[in-house]
Amino acid sequence: MLSRVGLGLARPSRQLLFKSTLTRCISTVKASHDQEQEILVQQRRIRPESPHLTIYKPQITMVLSSLHRITGVAMAGAFYALAVGYAAAGLTSFHFDSALIVSTFASLPTYVQVGAKAVMAYPFAFHAFNGIRHLVWDLGKELSIKGVIRTGYAVLAATAVFGSYLAFLY
């Protein structure tokens, strides 16, 4: 009778409703704050963990989404650091302007210059092309699984070409 009631297949009788009043046997014990904390720590030790990202196979969509956010935050941080540097130089007597940056960069060896430009060019190119990809999605285009994957690889190809062009531009 109870299983049929639980499935909603039969109406329970009045007598069953009164007899099946749920009572839980809970015993409470007075405990100090330290004892409560110890119980909580013990419960957390045996609590199962959520598998998080370890159960998912990395896909191009999740990787590019993460990289888009990371490159955006990194470029914004670099921009703010440069802006704060310029502002601090104006408030102090420290000489920091565009001519100093250009002359310092020009005095570096070529491989360091190319490396520094690559560190800036590839994230910029990736973020720009992935932003265009998102604008295409906002237009309602390429929203199928094949389209999303195709545009992901197109972003990577465009990043490789344009990032290399910017890094090796002399």
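Predicted model: local features only at pLDDT ≥ 70, side-chain atom pairs only at ≥ 80, totals over all residues.
Val-119 lies in helix α6. Is Val-119 buried or exposed? Its relative accessibility is 62%, so Val-119 counts as exposed, because the cut-off for exposed is over 50%. Along the chain, Val-119 and Gly-163 are 44 residues apart.

Step back one residue. Ala-118 also has its place in helix α6. Ala-118 has a relative accessible area of 19%, so it is buried. The reason is the cut-off: buried means under 20%. Ala-118 and Phe-168 are 50 residues apart in sequence. From C-alpha to C-alpha, the distance between Ala-118 and Phe-168 is 8.0 Å. Which residues does Ala-118 touch, leaving out those up to four places away in sequence? They are Pro-123 and Ala-167.

Now take in the whole protein. Its secondary structure comes to seven helices and zero strands. Read from the N terminus on, the elements run α-α-α-α-α-α-α. The protein has 170 residues, and buried residues make up 12% of them. Contacts tell of the fold too. Take those between residues at least 6 apart in sequence: 62% of them join residues at least 24 apart.

Two spans carry a label from a record. UniProt, in an unreviewed entry, places the feature "transmembrane region" at residues 72-94 and 148-168. What does the model show there? Residues 72-94 are 87% helix and 0% strand. The end C-alpha atoms of residues 72-94 lie 29 Å apart. Residues 148-168 are 100% helix and 0% strand. For residues 148-168, the end C-alpha atoms lie 30 Å apart.

Helix α7 covers residues 145-168, and Thr-159 lies in it. Is Thr-159 buried or exposed? With 9% relative accessibility, Thr-159 counts as buried. Which residues surround it? Setting aside residues up to four places away in sequence, Thr-159 touches Tyr-122, Ala-125, Phe-126, Phe-129 and Ser-164. Helix α6 spans residues 110-138.

Between α6 and α7 comes a loop, and Glu-142 is found in it. The backbone of Glu-142 deserves a look. Most residues other than glycine have a negative phi. Phi of Glu-142 is near 55°, a positive value in a residue other than glycine. Glu-142 has 28% relative accessibility, so it counts as partly exposed.

The side chain of Glu-142 brings in a partner. Side chains of opposite charge can pair when their charged atoms come close. Which residue forms a salt bridge with Glu-142? The partner is Arg-150, and the closest N and O atoms are 2.7 Å apart. Arg-150 has 48% relative accessibility, so it counts as partly exposed. How many salt bridges does the count come to? The count comes to one.

One more feature remains: the largest pocket. About 420 Å³ of space lies in the largest pocket. The elements that give two or more residues to its lining are α4 (60-91), α5 (98-106) and α6 (110-138). In total, 13 residues line the largest pocket. Which of them lie nearest its centre? Those are Met-75, Ala-78, Phe-79, Leu-82 and Met-120. What does the lining hold by class? It has twelve nonpolar residues, no polar residues and one charged residue.

Notes
Residues numbered from 1 in each chain as written. Heavy atoms only, no water. UniProt positions renumbered as here; feature names shortened; annotations may be inferred. Helix = DSSP H or I, 4+ residues; strand = E, 2+ residues; numbered from the N terminus. Buried < 20%, exposed > 50% of the residue type's maximum accessible area, 1.4 Å probe, protein only. Contact = heavy atoms within 4.5 Å. Salt bridge = Lys/Arg side-chain N within 4 Å of Asp/Glu carboxyl O. 1 Å grid on protein atoms, 1.4 Å probe; cavity = no way out; pocket = protein on both sides within 12 Å on 5 of 7 lines; lining within 4 Å. Points joined across faces, edges and corners; volume = space filled by probe spheres on them. Nonpolar A, V, L, I, M, F, W, Y, C, P; charged D, E, K, R; others polar.
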